[in-house]
Amino acid sequence: MALYSEKVMEHFRHPRNAGMIEDADGIGEVGNARCGDIMKIYLKIEDDIIVDAAFETFGCGSAIASSSMATELIKGKPVSEALTLTNQAVVEALDGLPPHKVHCSVLAEEAIRKAVQDYYSSKQNRGV
């Protein structure tokens, strides 16, 4: 059996939503000091719906694939639904990750939560 699923390899070789969103409504950045992965998620939100999501990830193939899949899973969804995305859902959508790489999916979950928190706090600061 291969170490990585075909879906992981596909999202690593051809990541969806890579890059940044200049006028993002929410940005979440997380890192793992032990492995060196750094993940930044950008959200564009209109009427409480995530109309666009992008990422910049410095890390291994699993981190890039997790970022790509996580942004795919939340695009077009209400913000409240994005908050319920779990790392397990990312792992399942990728058809699994090796046990020592599951932390990459955790980073994706945490980065999305931070981006949503950033969106809510900046919205609050604008008095919206």
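## Helix H2 against helix H5

H2 crosses H5 with right-handed geometry. The model is predicted. Two packed helices are described by the angle between their axes and the distance between the axes. For helix H2 (residues 61–74) and helix H5 (residues 102–125), the angle is about 40° and the axes lie 8 Å apart. H2 and H5 are therefore oblique to each other, because an angle counts as roughly parallel under 35 degrees and as roughly perpendicular from 65 to 115.

Which residues make the contact? H2 supplies Ser 62, Ala 63, Ser 66, Ala 70 and Ile 74. H5 supplies Cys 104, Ser 105, Ala 108 and Ile 112. By class, the contact of H2 with H5 holds six nonpolar residues, three polar and no charged.

## Helix H1 against helix H2

H2 also packs with helix H1 (residues 6–13). Their axes come within 8 Å and cross at roughly 90°. H1 is thus roughly perpendicular to H2.

On the H1 side, the contact residues are Lys 7, Val 8, His 11 and Phe 12. On the H2 side, they are Gly 61, Ile 64, Ala 65, Ser 68, Met 69 and Glu 72. The contact of H1 with H2 divides into five nonpolar, three polar and two charged residues.

## The aromatic pair

How many aromatic pairs does the structure hold? There is one. Tyr 119 and Tyr 120 form this pair. A pair of aromatic rings is described by the distance of the centres and the angle of the planes. Here the centres are 5.2 Å apart, with 45° between the planes. The pair counts as tilted because stacked planes are under 30 degrees apart and edge-to-face planes over 60.

Are the two partners buried or partly exposed? Tyr 119 is buried, at 6% relative accessible area. Tyr 120 is partly exposed, at 35%. The cut-off for buried is under 20%.

Most residues other than glycine have a negative phi. Asp 47 has a positive phi of about 50°. Asp 48 has a positive phi too, of about 65°.

Asp 47 is exposed, with a relative accessible area of 77%. Asp 48 is partly exposed, with a relative accessible area of 32%.

How values were computed: Residues are numbered from 1 along each chain as its sequence is written. This is a predicted model: local features need pLDDT of at least 70, side-chain atom pairs count only at pLDDT 80 or more; totals for chains, interfaces and linings use all residues. Side-chain values use heavy atoms; hydrogens and water are left out. Buried means under 20% relative accessible area, exposed over 50%, partly exposed in between (1.4 Å probe, protein chains only). Rings of Phe, Tyr and Trp (its six-membered ring) pair if their centres lie within 6.5 Å; planes under 30 degrees apart count as stacked, over 60 as edge-to-face and the rest as tilted. Axes are lines fitted to C-alpha atoms, for helices over the stretch in contact, and angles run from 0 to 180 degrees between N-to-C directions. Helices (H or I, at least four residues) and strands (E, at least two) are DSSP runs, numbered from the N terminus. Angles under 35 degrees count as roughly parallel, over 145 as roughly antiparallel, 65 to 115 as roughly perpendicular and the rest as oblique. A crossing is left-handed if the near helix is turned anticlockwise from the far one by less than a right angle, and right-handed if clockwise. Contact means heavy atoms within 4.5 Å. Ala, Val, Leu, Ile, Met, Phe, Trp, Tyr, Cys and Pro count as nonpolar, Asp, Glu, Lys and Arg as charged, and the others, Gly among them, as polar.
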